[in-house]
Amino acid sequence: MMKISQLAKLTHLPSKTIRYYEEIGLVPKALRNDNGYREYRADDVERLVFVRRCRELQIPIEQIKILIAVQADKKSSCKEVDSLIEQQLEKVRKTIAELTLLEQTLHQLATSCPNEIVGECEILKRLQQEGN
């Protein structure tokens with residue numbers, strides 16, 4: 001058994017985040033000792049590392065709950081897991097495409113003004129135009 005501070009150190013998560021994950025059901029409610037302090041087990045470390053890794057991959061909390069639930073049946077198909085990861089991959093690819101377009105637009109703006117004074121600034125003029 002360990003206290004939340006030890007669990008936080010092992011999982012690289014703030015205590016506040018651990019309490020939040022408990023509150024929303026990503027991890028089971030901690031046992032309480034006689035003085036009311038939370039006490040955690042080794043399997044809580046594994047669950048929290050799993051949740052942290054999923055969040056690092058920007059997997060939404062509702063999908064993490066599904067991933068946790070499907071782990072209960074060790075012999076079930078991986079189709080749901082595969083599908084959730086594919087969905088997340090598509091979101092990341094879409095974000096990359098949007099960021100690439102944003103980067104190109106900002107680069108064009110950054111290189112569009114040879115002038116030295118604000119009154120003749122091409123960047124400001126282009127920002128005032130629709131569709132640029």
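Hi everyone, this is a short tour of one protein chain, from its overall layout down to a few residues.

Please keep in mind that the model is predicted. Let's begin with the layout. The chain has 6 helices and 2 strands. Reading from the N terminus, the order is α-α-β-β-α-α-α-α. Its radius of gyration is 24 Å, well over the 14 Å that the globule rule gives for 132 residues, so the chain is more spread out than a compact globule. If you follow the C-alpha trace along its principal axes, it spans about 70 × 40 × 20 Å.

What about the surface? The accessible surface of the chain is about 9800 Å², and carbon and sulfur atoms account for 55% of that. Of the 132 residues, 24% are buried. As for contacts, take those between residues at least 6 apart in sequence: 39% of them join residues at least 24 apart.

Now for some individual places, starting with helix α1, which covers residues 4–11 and holds Ala-8. Is Ala-8 buried or exposed? With a relative accessible area of 11%, Ala-8 is buried, because the cut-off for buried is under 20%. Leaving aside residues up to four places away in sequence, Ala-8 touches Leu-13, Pro-14, Ser-15 and Ile-18. For a sense of distance, Ala-8 and Gly-119 are 111 residues apart in sequence, and their C-alpha atoms are 55 Å apart in space.

Next, the aromatic rings. How many aromatic pairs does a search of the whole structure find? The search finds 1. The partners are Tyr-20 and Tyr-21, in a tilted arrangement with 6.0 Å from centre to centre and 45 degrees between the planes. Tyr-20 is partly exposed at 39% relative accessible area, whereas Tyr-21 is buried at 7%.

Let's move on to helix α5, residues 79–110, where we find Leu-102. At 44% relative accessibility, Leu-102 is partly exposed. Together with Leu-99 and Leu-106, Leu-102 makes a nonpolar surface patch of about 290 Å².

Our last stop is Cys-113, in the loop between α5 and α6, the latter being residues 122–127. Cys-113 is partly exposed, at 22% relative accessibility. Which residues does Cys-113 touch, not counting those up to four places away in sequence? They are Glu-120, Cys-121, Glu-122 and Ile-123. Ile-123 sits 10 residues from Cys-113 along the chain, with 6.0 Å between their C-alpha atoms.

Methods
Residues are numbered from 1 along each chain as its sequence is written. This is a predicted model: local features need pLDDT of at least 70, side-chain atom pairs count only at pLDDT 80 or more; totals for chains, interfaces and linings use all residues. Side-chain values use heavy atoms; hydrogens and water are left out. Patches are made of residues with over 30% relative accessible area and no salt bridge: like charges are joined within 9 Å, nonpolar side chains (Val, Leu, Ile, Met, Phe, Trp, Tyr) within 5 Å. Accessible areas come from the Shrake-Rupley method with a 1.4 Å probe; for residues, only the protein chains shown count as cover. A salt bridge is a side-chain nitrogen of Lys or Arg within 4 Å of a carboxyl oxygen of Asp or Glu. Helices (H or I, at least four residues) and strands (E, at least two) are DSSP runs, numbered from the N terminus. Buried means under 20% relative accessible area, exposed over 50%, partly exposed in between (1.4 Å probe, protein chains only). Rings of Phe, Tyr and Trp (its six-membered ring) pair if their centres lie within 6.5 Å; planes under 30 degrees apart count as stacked, over 60 as edge-to-face and the rest as tilted. Contact means heavy atoms within 4.5 Å. The radius of gyration is taken over C-alpha atoms; the globule rule is 2.2 Å times the number of residues to the power 0.38.
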